[in-house]
Amino acid sequence: MAITVGELLLLPHLQMSLAAGENGLDREITWVHTSDLPEPWAWLGSGELLLTNGTGLRPEAAEQARFVDRLAEAGASGLGIGLGMSGPPITPELFTRAGERGLPVVTVPYSMPFTTVVRAVADANAREESRQLGRVARVYELLRTSVLAGRSGPELIRRLGQELGVRLLLVDPATGDSVFGDGERTSFARALTTNYAMHQGVV
């Protein structure tokens, strides 16, 4: 899971502020793209945060609203605007459209280099990737050692569930009961057995 716009805003050293699009703060940022071109969406990947000084924005309110529309259609995670630059004033229509599209618009202080924002996203996502790889390695090692030790029954399922943070059950779809004969039964056992019967034993 990549860092979200909301989580990026919580990093105090960036001093970024939310200007619009609060309902999109859970959008994940896969990367940060900086551009002052008038049509940056042509080079924007899904999940990318666009940082711009605003010089590529048109001054007309309708064009600024369209700018937000095109970013949203390209799958952008948000729009970051550098403060104190020479671009045209940001119109209320841009902020309104961002709210309608759920596209966060954030402001970046003049003193904050865009490279610092890029580095913050890269560092955060690298830590998350490392954590996920660590979990995969732990699951693999748990499976390997359990099979070698002959512990492939309910104890393995229980330990896998602990590692993944979920409750795992291995059930017979015909009865809804645990295959280990320990009396465990899922809350959706009736739906499972009904569906299994309807499809003549094919799930």
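Modeller: Just after H2, Gly-75 takes a positive phi of about 85 degrees. Helices (H or I, at least four residues) and strands (E, at least two) are DSSP runs, numbered from the N terminus. This is a predicted model, where local features need pLDDT of at least 70, side-chain atom pairs count only at pLDDT 80 or more, and totals for chains, interfaces and linings use all residues. Residues are numbered from 1 along each chain as its sequence is written, and side-chain values use heavy atoms, with hydrogens and water left out.

Biologist: What span should the 13 residues of H2 have, and how far apart are its end C-alpha atoms?

Modeller: The expected span is 1.5 Å times one less than the number of residues. For H2 that should give 18 Å, which agrees with end C-alpha atoms 19 Å apart.

Biologist: Which residues of H2 are buried, and what covers them?

Modeller: Buried means under 20% relative accessible area, exposed over 50%, partly exposed in between (1.4 Å probe, protein chains only). In H2 the buried set is Gln-64, Ala-65, Phe-67, Val-68, Asp-69, Leu-71 and Ala-72. Their cover includes S3, strand S4 (78-82) and helix H3 (92-101).

Biologist: How many aromatic pairs are there?

Modeller: Rings of Phe, Tyr and Trp (its six-membered ring) pair if their centres lie within 6.5 Å; planes under 30 degrees apart count as stacked, over 60 as edge-to-face and the rest as tilted. By this rule the count is 1 aromatic pair.

Biologist: Which rings are they, and why is the pair classed as edge-to-face?

Modeller: The ring centres of Trp-41 and Phe-67 are 5.3 Å apart. Their planes meet at 70 degrees, so the pair is edge-to-face. Trp-41 sits in the loop between strand S2 (31-34) and strand S3 (48-52), and Phe-67 lies in helix H2 (residues 61-73), so the pair links distant parts of the chain, 26 residues apart.

Biologist: Is Trp-41 buried or exposed? And Phe-67, buried or exposed?

Modeller: Trp-41 has 9% relative accessibility, so Trp-41 is buried. Phe-67 has 5%, so Phe-67 is buried.

Biologist: What is Trp-41 in contact with, leaving aside its neighbours within four places in sequence?

Modeller: Contact means heavy atoms within 4.5 Å. With those neighbours left aside, Trp-41 is in contact with Arg-66, Phe-67, Arg-70, Leu-71 and Ala-74.

Biologist: Which residues touch the most other members of the largest nonpolar core?

Modeller: A nonpolar core is a set of buried Ala, Val, Leu, Ile, Met, Phe, Trp, Tyr and Cys residues joined through side-chain atoms within 4.5 Å. The largest has 19 residues, and those touching the most other members are Leu-8, Met-16, Ile-29 and Val-117.

Biologist: Which element gives the largest share of this core?

Modeller: Helix H1 (5-9), S3, strand S5 (105-108) and helix H4 (114-148) each give two or more residues. The largest share, 6 residues, comes from H4.

Biologist: Which residues does the second, separate core include?

Modeller: That core has 15 residues. Among them are Leu-50, Leu-71, Leu-79 and Leu-103.

Biologist: What radius of gyration does the protein chain have?

Modeller: It is taken over C-alpha atoms, and the globule rule is 2.2 Å times the number of residues to the power 0.38. A compact globule of 203 residues would come near 17 Å, but the protein chain has 25 Å.
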